[in-house]
Every structure is written in C-alpha cells, then in structure tokens.
Amino acid sequence: MSEDPSRAAGPSGPDTPPPPAGLGQAPRTGPGQGDAPWQRADGPAGPAPAPDPDSLWVTGGVLFAGILMLCQGVVAALEGVAALADGDVYGDVGEYLYRISLTGWGWIHLVLGVCVAATGAALLKGAGWARVAGILFASLSVFAHFLFLPYAPLWSVIVIALDIFVIWALAAYRDADPDPVSTAVPR
C-alpha cells in the first residue's frame, strides 16, 4: 500500500517543516491562535489581561459589592448586639486557640458592622475613598469571621466568600474618567 504524498510532506504541504522533536505538534496558526501572549501554546506565557473597567462584571460588581457591604454591615452589627445581649444565641465553644469572650466578639462585630455598612453606603453614593476603605473593611471582616468560625461556622464561611467577592470587585474596578485636575503635572 502506498502512502499519500501530500500526507508525507506535512500538514500544509511540502514547504511546511515537520514539528519540532519532543513537542508533539507544531505551533498552531489561524484565527484566535497566538493573537495574545497568554494564548500561545508554544512559548512562554505573557501577562494576563487587565480587567476591563467598562465590563458589566466589574461595574455591576461594584454596585453589588456596595449593596452586599451595606447588608452585611447591618447583619454584622445585629450579630454584635446578639453577642452583647448574653443570650443563648451563641453557645460555649470550649477550648479554642483564638478564644475571645462573647462580649469582645459583640463589640468587634458591632463596630466592624457599622464601619462596613457606612462604607457600603458611601460606595453606593460614589465616594472615591470608599473603594480603598471597602477593601480594608472587607479584609478585616474576612479575618474576624475566620476567627469567629467556632461560634457560627456556616454563616462565617458564607460571609468570607462574599467578602472575597467584594474585595475582587473593588480591586478590579478602575475609574474610566479620572479627575484631570488631580492628574495634571504642574509646570
């Protein structure tokens, strides 16, 4: 049985070189292949693309982050009031490495909740400082709810996941029209 001469010469014809030894296949060409450095299969990966500030995920994410912060702040403040009331809302967890009294947790959640809610409201109003403060307070909330895991494990995991989304949404957003006065170089 004889071989087809077009197959023996290579995939594109007799002028196409064979694939490099050891790689298994040659670099791909065509639409969408090799257009950006992070898509290349035949070379080192380049930097990942920057988030698009006009993307609905980013702009809508900031709005959703503000709403989440407002709601989470109110719920955290109520969580703090419940811990301060010395009721049977939270049981005794026994020996715990990061043990803080329920009164201490009550004050932590109350103060952090008010700060998160105020920052969420400012974020919804479009305050420029609220993005940085939101990242700071969401990070503190992640830390506080990690330490609060023994008292409310399911709720703490949910709040940690939502805070991670808030941090991503606030960090990915870039103001499309920065103030030209503040970025102007004085002469």
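**The cavity and its surroundings**

Reply: The largest cavity has a volume of about 90 Å³. A cavity here is a set of points on a 1 Å grid over the protein atoms alone where a 1.4 Å probe fits but cannot get out; grid points are joined across faces, edges and corners, and the volume is the space filled by probe spheres set on the points. This is a predicted model, where local features need pLDDT of at least 70, side-chain atom pairs count only at pLDDT 80 or more, and totals for chains, interfaces and linings use all residues. Residues are numbered from 1 along each chain as its sequence is written, and side-chain values use heavy atoms, with hydrogens and water left out.

Me: How many cavities of 30 Å³ or more does a search of the whole structure find?

Reply: One.

Me: Which residues line the largest cavity?

Reply: The lining is made of Q72, G73, A76, E79, L112, G113, V116, S141, H145, W155, V159 and D163. A lining residue has an atom within 4 Å of a cavity point.

Me: What is the split into nonpolar, polar and charged?

Reply: Five are nonpolar, five polar and two charged. Ala, Val, Leu, Ile, Met, Phe, Trp, Tyr, Cys and Pro count as nonpolar, Asp, Glu, Lys and Arg as charged, and the others, Gly among them, as polar.

Me: Which helix gives the most to that lining?

Reply: α2 does, with four residues. At least two residues each come from α2 (56–84), α3 (102–125), α4 (129–147) and α5 (153–172).

Me: How many helices and strands does the chain have?

Reply: Six helices and zero strands. Both are DSSP runs numbered from the N terminus: helices are H or I with at least four residues, strands E with at least two.

Me: Back to α2. Where is V74, and what is it in contact with beyond its neighbours within four places in sequence?

Reply: V74 sits in helix α2. Beyond those neighbours, V74 is in contact (heavy atoms within 4.5 Å) with G113 and A117. From V74 to L112 the C-alpha distance is 9.8 Å, across 38 residues of sequence.

Me: Why is V74 classed as partly exposed?

Reply: Because its relative accessible area is 45%. Buried means under 20%, exposed over 50%, and partly exposed in between, with a 1.4 Å probe and protein chains only.

Me: What share of the chain is buried?

Reply: Buried residues are 27% of the 187.

Notes. On a 1 Å grid over the protein atoms alone, a cavity is a set of points where a 1.4 Å probe fits but cannot get out, and a pocket is an open set with protein on both sides within 12 Å along at least five of seven lines; lining residues have an atom within 4 Å of a point.
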